[in-house]
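Hello,

Please find the structure we spoke about below. My notes on it follow.

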There are 2 protein chains.
Amino acid sequence: MNNYGVSNGDSNVHEKQVEGNDHCENGDGSNGVILGVDGGATSTVCVCIPSFSSSKTLPYPLPILGRAVSGCSNHNSVGVTVHISYPTENAARDTLEEVMAEALSKSGSDWSAVHAVCLGVSGVNHPTDQERILNWLREIFPSHVKLYVQNDAVAALASGTMGKLHGCVLIAGTGCISYGFAEDGREARASGAGPVLGDWGSGYGIAAKALTAVIRAHDGRGPQTMLTNKILKALSLSSPDELIGWTYADPSWARIAALVPEVVSCAEACDQVATKILVDAAQDLALSVKAVVQRLQLCGEDGNGSFPVVMVGGVLEANRTWDIGKEVVKCIQQQFPGAHPITPQVEPAVGAALLARNFLMKESTENYHS
Amino acid sequence: MNNYGVSNGDSNVHEKQVEGNDHCENGDGSNGVILGVDGGATSTVCVCIPSFSSSKTLPYPLPILGRAVSGCSNHNSVGVTVHISYPTENAARDTLEEVMAEALSKSGSDWSAVHAVCLGVSGVNHPTDQERILNWLREIFPSHVKLYVQNDAVAALASGTMGKLHGCVLIAGTGCISYGFAEDGREARASGAGPVLGDWGSGYGIAAKALTAVIRAHDGRGPQTMLTNKILKALSLSSPDELIGWTYADPSWARIAALVPEVVSCAEACDQVATKILVDAAQDLALSVKAVVQRLQLCGEDGNGSFPVVMVGGVLEANRTWDIGKEVVKCIQQQFPGAHPITPQVEPAVGAALLARNFLMKESTENYHS
């Protein structure tokens, strides 16, 4: 059984699962907990943190009381992998309930200790999506528990800002999205609409363009490129003709996106076609962020104001000589020099938990003043 | 029961189903027939024509002895609508057998009269696809019957050239492909690889770009466009946000492609975004044809030689003020002034039947000379 210890006072907070120290209290003397859930397309992660109900400063390292992982709880994950088989609504709800129960049990806690829950989930594009998932949570928890459902991008932003909803997050994995909040609570998003609707900076978008370039070189519509040999070798195919069968045999977006490292390798070897694909992707991703920054005026009136840009996802974390993330930042900073890139130090489920804590604190402050 | 009459001597041949005139003979005195099958993504059409085994000139009007229509016989229609439910291999084979039996019965003929069969089917991208479908036909027909399986584009070319395999066909409906044959039998294709692999001139490609433009205008990444109101109205949606749910609720490519008329309307009203989408699509389609023409040297050594370009599919037959087909032809003729556009006067199944006739004639000529 994992319990929690609390240490204090450092703003540079890191995730840490604390063991031993059986059943101690929250820093404020209460035993209340908060659950943060990351409901992704392939798995569901739930973490349990103390509710720190009265402390303004987060302890360092941030105590994770319990953590549990389960299968997909996402009933209609639009924008990432819509073509894979999703659980039915009931199965998804059951998964969600189980993963929360396990995280609570590992924390040595139970349902009665829960103060708030925040679920970050992909595919929340409309208030009706949010309402449907809130209804699931309402069936599980008593009415005094505060419940929040957010797009997974909001939880990702919070994982970079330690719960504060300010700035912009850019996620570029299989799919891509940018999502931002102004200090006054206004929010805006760009991209995140899936490949049919042109998320060309996503891992899927980059890889689909690379596959297209191979086909075009093969049938005489485009220049020759190293991508041909690189991709055929990676897929153990002998001719570009066979790419058609390969592509449609299993239309999962993640399977296509897995070819991004081959594109990066070709760009590193100075292949012009691959380089253009990555430069275009970086500009497309930067454009998403810039659209959000502009609409929310995150850069202040003079355009030079400072704001965080949280960078998340495999496309941005490539850690290669040809670094897509760096190109994106360069492109954003050309227009907005105050853009400050952040790589999150905690996982999205912790971001969701910190988000719930901040919502709770905000509500209690508002109640105090009203 | 439909039977056939034969008339003679006009090279400008049209399809016509002749009635009355019970059970007459072929022009050459035999009762042999040829079956042409168009195995599309949504239906299977079979026509039965006389085999005209010794006559070089096709009669006018071309006698269609019988015609039958059935459901999809296409086991893996790649490149058009891969996301819809396909019949199992057995069900597809049964459908094919039934539609041929019905066409024969309507012709007052039977299996023993069949000289040759040609099946034009989408999704034949590789010799293994061809071999698999040939095996189905071999189980149905005795060994002396000549059997041919071709990509549906080849049957479409034949429907424009009345069976002669020379020139290039461009199909642009939900998907797109160009396919060509040189006089010496060399063949080449371009595009036809489906939306993931960049068939941007297809109906799907045009509509997906239009939907993307609406999303980009909405989230601040692109200019405002008339497409927004036009498309939302056509789909009875109230906000661009709802397009995401609409798009992925049913990922059939044909459903997306059905929005092409909205894009054409906006271009006719001088919307710049819509116009650019159509101009790009026309250039992309022309590029497919030009790649094939170049590889096969259909234009002769001086580049000015004459060759047919058979134009097929909803995108090219729009019959609107903003005429995509005309733009494509203009674009091809800028490079190859000898390109001669043809709109087929007979359906693809008849093209398949004429193809079988030409293959038969060619084989008998070769046997005669050997």
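**Helix α1 of chain A**

The buried residues of α1(A) are A:Ala92, A:Arg93, A:Thr95, A:Leu96, A:Val99, A:Met100, A:Ala103 and A:Leu104. Around the helix axis they cover an arc of only 165 degrees, which puts them on the same side of α1(A). Please keep in mind that this is a predicted model.

On the face turned away from that buried side, α1(A) carries the exposed residues A:Asn90 and A:Glu98. The buried residues of α1(A) pack against the strands β2 (33-39), β3 (44-50), β5 (66-70) and β6 (114-121) and against the helix α2 (127-140), each of chain A.

The length of the helix can be checked as well. Helix α1 of chain A has 18 residues (residues 89-106), which at 1.5 Å a residue should span 26 Å; its end C-alpha atoms are 26 Å apart, so the two agree. Just after α1(A) comes A:Gly108, with a positive phi of about 70 degrees.

**A:His166**

This residue is in the loop between α3 (152-161) and β8 (167-172) of chain A. Is A:His166 buried or exposed? Its relative accessibility is 12%, and because buried means under 20%, A:His166 counts as buried.

Leaving aside residues up to four places away in sequence, A:His166 touches A:Leu157, A:Thr161, A:Phe181, A:Ala182, A:Glu183, A:Leu298, A:Ser306, A:Phe307 and A:Pro308. A:Asn304 is 138 residues from A:His166 in sequence, and the two are 16 Å apart in space, C-alpha to C-alpha.

**Cavities**

The structure holds three cavities of 30 Å³ or more. The largest cavity has a volume of about 290 Å³. Its lining is made up of 23 residues, and those nearest its centre are A:Pro195, A:Val196, A:Tyr204, B:Val196 and B:Tyr204.

Which helices each supply at least two residues of the lining of the largest cavity? In chain A they are α4 (203-219), α6 (241-249) and α7 (253-257), and in chain B they are α4 (203-219), α6 (241-249) and α7 (253-257). By class, the lining of the largest cavity has 18 nonpolar and five polar residues, and no charged ones.

**Chain A as a whole**

The secondary structure of chain A comes to eleven helices and twelve strands. Chain A has 370 residues, of which 60% count as buried. Among its contacts between residues at least 6 apart in sequence, 69% join residues at least 24 apart.

Regards

How values were computed:
Residues numbered from 1 in each chain as written. Chains lettered and ligands numbered in written order. Predicted model: local features only at pLDDT ≥ 70, side-chain atom pairs only at ≥ 80, totals over all residues. Heavy atoms only, no water. 1 Å grid on protein atoms, 1.4 Å probe; cavity = no way out; pocket = protein on both sides within 12 Å on 5 of 7 lines; lining within 4 Å. Points joined across faces, edges and corners; volume = space filled by probe spheres on them. Helix = DSSP H or I, 4+ residues; strand = E, 2+ residues; numbered from the N terminus. Nonpolar A, V, L, I, M, F, W, Y, C, P; charged D, E, K, R; others polar. Expected span 1.5 Å × (residues − 1). Buried < 20%, exposed > 50% of the residue type's maximum accessible area, 1.4 Å probe, protein only. Arc of directions from axis to C-beta. Contact = heavy atoms within 4.5 Å.
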